[in-house]
Amino acid sequence: MDATPGDDTAGLAPVHAPRSTELLLDALKAAIGTPGEHRLFRSGKLAGLFPNRVGLSAEAALFAIRAGLLETVRTETRGKVVFEWVKATPKAVAFVHENDSPKSVLKELKQVLDASRTGVPAWMDAAKQELAAVSAKFEEQAAAMLKRLEELAASVEAALRRAEAKAPAVAEPVGKVVPWAVEALEYLDRRATSGAGDCPLPELFHAVRVRFPELTLPAFHDGLRRLHDVRAVRLTPAAEMTEPEYAILADGKLMYAAGR
């Protein structure tokens with residue numbers, strides 16, 4: 001990595017700082033949205049995933065490498081500076097999905113509401129002691145606030161249940177023949193939520209093999225054809241195929257990507 005600090009992770013905390021989290025999510029979405037290798041840091045007018053090699057940008061980049069969100073594919077040495085080229089991993093898709101999706105926003109809102117509900121009674125007691133003269137009016141307003149918070153919390157919990165119930169499903173006969181179908185569909189959905197386009201077949205194959213290490217490439221191709229036939233996935237061609245052995249023939253065309 002360009003001028004990266006040492007290997008000690010004790011001082012690393014970019015994911016808890018709002019600015020560094022924003023830098024990390026922007027970089028991961030850029031890497032996911034354009035498959036292939038990217039320069040880790042911007043260099044002059046040359047684009048990079050992170051704007052510079054110091055401060056929050058360096059911490060966020062270091063976190064992405066050590067957490068396995070970005071994978072180093074090659075390095076270049078120019079004088080005393082080492083330039084690192086990276087690509088997004090399946091972990092990056094899951095990270096963006098968990099931290100930048102409607103579901104994660106709903107979870108954060110629920111935590112805020114839960115904390116507010118817990119703090120209201122203590123705040124109400126202290127306020128009543130200081131404002132005894134207007135306690136009747138205050139209790140009326142506080143009760144209305146608590147009721148509203150309860151209603152909001154119930155709405156958020158219902159929304160979370162609906163979000164988690166939207167897991168992709170396939171017909172039972174297809175699920176028996178393609179046991180990894182749900183895993184593939186969930187990955188495509190998480191990728192789409194992250195703002196990326198159709199998923200290259202090499203990336204999808206390796207993502208599925210995390211849960212199904214015994215999956216072979218021929219079996220992967222056969223399962224994709226079945227999912228395409230029942231319209232569970234949409235296979236698309238690509239202008240460039242860096243790993244042509246993953247391409248699949250469907251509808252009379254050579255397909256290299258999948259989407260929903």
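L69 lies in the loop that connects α2 (55-66) with β2 (70-78). The model is predicted, and its mean pLDDT over the chain is 82, with 83% of the residues scoring at least 70.

**Surroundings of L69**
- L69 has a relative accessible area of 4% and is therefore buried, the cut-off for that class being under 20%.
- Leaving aside residues up to four places away in sequence, L69 touches L24, L28, F63, A64, K87, A88, T89, K91, A92 and F95.
- One of these contacts, A88, is 19 residues from L69 along the chain, and the C-alpha atoms of the two are separated by 6.2 Å.

**Contact of α8 with α9**
- The axes of helix α8 (residues 201-209) and helix α9 (residues 217-229) come within 11 Å and cross at roughly 110 degrees.
- Helix α8 is therefore roughly perpendicular to α9, since crossing angles of 65 to 115 degrees fall in that class.
- From α8, the residues L201, L204 and F205 meet L217, F220 and L224 of α9.
- By class, this contact of α8 with α9 comprises six nonpolar residues, with no polar and no charged ones.

**Confidence**
- Within the chain, confidence is highest in α8, at 95, and lowest in helix α4 (residues 102-130), at a mean of 69.
- Over residues 1-14, pLDDT stays under 50, and the model has 27 contacts beyond four places in sequence for this stretch.

Methods
Residues numbered from 1 in each chain as written. Predicted model: local features only at pLDDT ≥ 70, side-chain atom pairs only at ≥ 80, totals over all residues. Heavy atoms only, no water. Helix = DSSP H or I, 4+ residues; strand = E, 2+ residues; numbered from the N terminus. Buried < 20%, exposed > 50% of the residue type's maximum accessible area, 1.4 Å probe, protein only. Contact = heavy atoms within 4.5 Å. Axes fitted to C-alpha atoms, helices over the stretch in contact; angles between N-to-C directions. Parallel < 35°, antiparallel > 145°, perpendicular 65-115°, else oblique. Nonpolar A, V, L, I, M, F, W, Y, C, P; charged D, E, K, R; others polar. pLDDT = per-residue confidence, 0-100.
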